[in-house]
Amino acid sequence: MDEGFRFKVILLGQGAVGKSSLLLRYVENKFSLRHISTIQASFQSKTIEVDGRQVELSIWDTAGQEKYHALGPIYYRGSQGALLLFDITDSRSFEKVKTWVKELQRVLGDSCALMIVGNKLDLEKERTVTEQEARSYAETVNAQYMETSAKENLGISQVFDRLAEEMIRMA
Ligand code: GDP
C-alpha cells in the first residue's frame with residue numbers, strides 16, 4: 001500500500017509580510033486585518049492529495065522570532081520545504097528573502113525545496129517589487145516563484161500544491 005508522504009515546511013520572512021495570515025487562510029480559510037502575533041513557534045498540519053498520493057504537511061510559523069534573529073538550526077532542521085515570503089509593496093522584505101535563502105542553503109544545502117512567495121497581490125497598485133525581478137532572482141537560486149493574496153485568497157493552495165510536488169520529486 002502507498003503510505004504517502006509527510007513533510008515539514010517552514011515559513012520564513014520579515015515581520016508583517018503575511019506569514020500567519022497565509023497559514024490561517026490555508027488551514028482555516030480565515031483572514032484578519034489585525035497583525036496576528038504568534039506567541040511561540042507553532043505548527044499546523046494539513047493533509048492534501050497530490051497525484052493521487054496523500055501528503056501530510058506540518059507547516060511551521062516563525063512566531064515573530066525573526067525580529068530577534070533568534071531562528072536557528074532547530075527551526076530549520078528536518079524541513080523538506082521552505083516558503084520564503086515577502087510583501088510585493090515592500091522592497092526591503094524582498095531583500096530579506098535573499099538573506100534567508102543564503103542562510104538556508106548554508107544550513108541545509110540543496111536538500112530543501114524553496115518556494116519564494118510575493119504576498120499582498122491585492123495591493124498590486126502599490127507594488128514596488130516586479131514579478132519579473134522576483135522570478136529572475138528565484139531562478140538564480142533554484143527556487144520556484146508564485147504570488148498570493150491571503151486577504152483575497154489568491155494562489156494560496158497552489159503554492160502548497162506546487163511545493164508538495166517539488167518535495168515529492170526530491171524525496
Ligand atoms: P506576519 O508577521 O508575517 O505573520 O504577518 P501577518 O500575517 O500578521 O500580517 C501582517 C499584516 O498584513 C496584517 O495586518 C494582515 O492583515 C496583513 N496582510 C496579510 N496578508 C495580506 C494580504 O494578502 N493582503 C493585504 N492587503 N494585507 C495582508
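Reply: Helices here are DSSP runs of H or I with at least four residues, numbered from the N terminus. The model is a predicted one. On that basis, helix α1, residues 19–28, gives the most to the shell around the ligand, with 3 residues.

The shell as a whole holds 21 residues, and the closest are Ala16, Ser21, Ser32, Leu33 and Asp122. By residue class, the shell around the ligand divides into 9 polar, 7 nonpolar and 5 charged residues.

For Lys19, a polar side-chain atom lies 2.9 Å from a ligand oxygen. For Gly18, the atom involved is a backbone N or O, and the distance to an oxygen atom of the ligand is 3.0 Å. Ser149 again contributes a polar side-chain atom, placed 3.5 Å from an oxygen atom of the ligand. As for cover, the ligand on its own has 580 Å² of accessible area, and the protein covers 91% of this.

One further residue can be described through its own contacts. Ser93 lies in helix α3, which spans residues 91–108. Ser93 counts as buried because its relative accessible area is 0%, and the cut-off for buried is under 20%. Leaving aside residues up to four places away in sequence, Ser93 touches Gln14, Val17, Leu85, Phe86 and Asp87.

Definitions and conventions: Residues are numbered from 1 along each chain as its sequence is written. This is a predicted model: local features need pLDDT of at least 70, side-chain atom pairs count only at pLDDT 80 or more; totals for chains, interfaces and linings use all residues. Side-chain values use heavy atoms; hydrogens and water are left out. Helices (H or I, at least four residues) and strands (E, at least two) are DSSP runs, numbered from the N terminus. Buried means under 20% relative accessible area, exposed over 50%, partly exposed in between (1.4 Å probe, protein chains only). Contact means heavy atoms within 4.5 Å. A residue is near a molecule or strand if one of its heavy atoms lies within 4 Å of it. A polar contact is a pair of N or O atoms within 3.5 Å; within protein, one must be able to donate a hydrogen and the other to accept it, and residues adjacent in sequence count only if both atoms are side-chain atoms. Accessible areas come from the Shrake-Rupley method with a 1.4 Å probe; for residues, only the protein chains shown count as cover. Ala, Val, Leu, Ile, Met, Phe, Trp, Tyr, Cys and Pro count as nonpolar, Asp, Glu, Lys and Arg as charged, and the others, Gly among them, as polar.
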